[in-house]
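Look at the sequence and structure first.

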Amino acid sequence: MPNYKRPTLKRGEYKNFELGRHSAVIKKVKLAKTTTDKDKFTIIVKGKEGESGIYNLVFGTDFSETNLNYILASIEDNGYEIPMLDFDYNEPTAKFLEGKSVYIRVALTDWGEEEKPGVTEFLNEEEFEAEE
């Protein structure tokens, strides 16, 4: 076990990622529905400093396949082999994504009345390491 470090966040307290690019780990993928009844993955990512973020991958849009392929490219660039799977809105895809290291971009996103940092996209290694 690493050295003891007293928790600084209260239980249930949420720490956003800073704006920019980060390495993260997909902690959980939930199969869910949008308000318009489209299938979606709610992807929860965690950072090295206890940050958390959520990304919603909506299926049935013009960008669904492209966005899922960026997630898979990010996973592959972190050293994982991509298996021959039917990657779609299904339990095997969700289970494969969980626990994988990824690269993400965090930008300000609209949360009703205010803007907050949110995961806006998954990056491949080249995008992650590119100069800003």
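Which residues are linked in a network of salt bridges? They are Lys28, Glu91, Lys95 and Glu98.

## Basis

This is a predicted model, in which local features need pLDDT of at least 70, side-chain atom pairs count only at pLDDT 80 or more, and totals for chains, interfaces and linings use all residues. Residues are numbered from 1 along each chain as its sequence is written, and side-chain values use heavy atoms, with hydrogens and water left out.

## The network

A salt bridge here is a side-chain nitrogen of Lys or Arg within 4 Å of a carboxyl oxygen of Asp or Glu. By that rule the count is 5. One of them joins lysine 28 to glutamate 98, at 3.9 Å from N to O. Lysine 28 sits in strand β1, and glutamate 98 in the loop between α2 (91-97) and β4 (101-111), so this pair ties together parts 70 residues apart in sequence. Helices (H or I, at least four residues) and strands (E, at least two) are DSSP runs, numbered from the N terminus.

Glutamate 98 also meets lysine 95 in a salt bridge, at 3.6 Å from N to O. How exposed are these side chains' residues? The classes use relative accessible area: buried is under 20%, exposed is over 50%, and partly exposed is in between (1.4 Å probe, protein chains only). Glutamate 98 has 19%, so it is buried. Lysine 28 is partly exposed at 37%. Lysine 95 is partly exposed too, at 46%.

## The β4–β5 pair

Arginine 105 and glutamate 121 form another salt bridge, with the closest N and O atoms 2.5 Å apart. Glutamate 121 belongs to strand β5 (residues 114-123) and arginine 105 to strand β4, so the bridge ties together parts 16 residues apart in sequence.

## A loop residue

Where does threonine 34 lie? Threonine 34 is in the loop between β1 (20-33) and β2 (39-46). Is threonine 34 buried or exposed? Its relative accessibility is 17%, so it counts as buried.

Contact means heavy atoms within 4.5 Å. Leaving aside neighbours within four places in sequence, threonine 34 is in contact with Lys40 and Val58.
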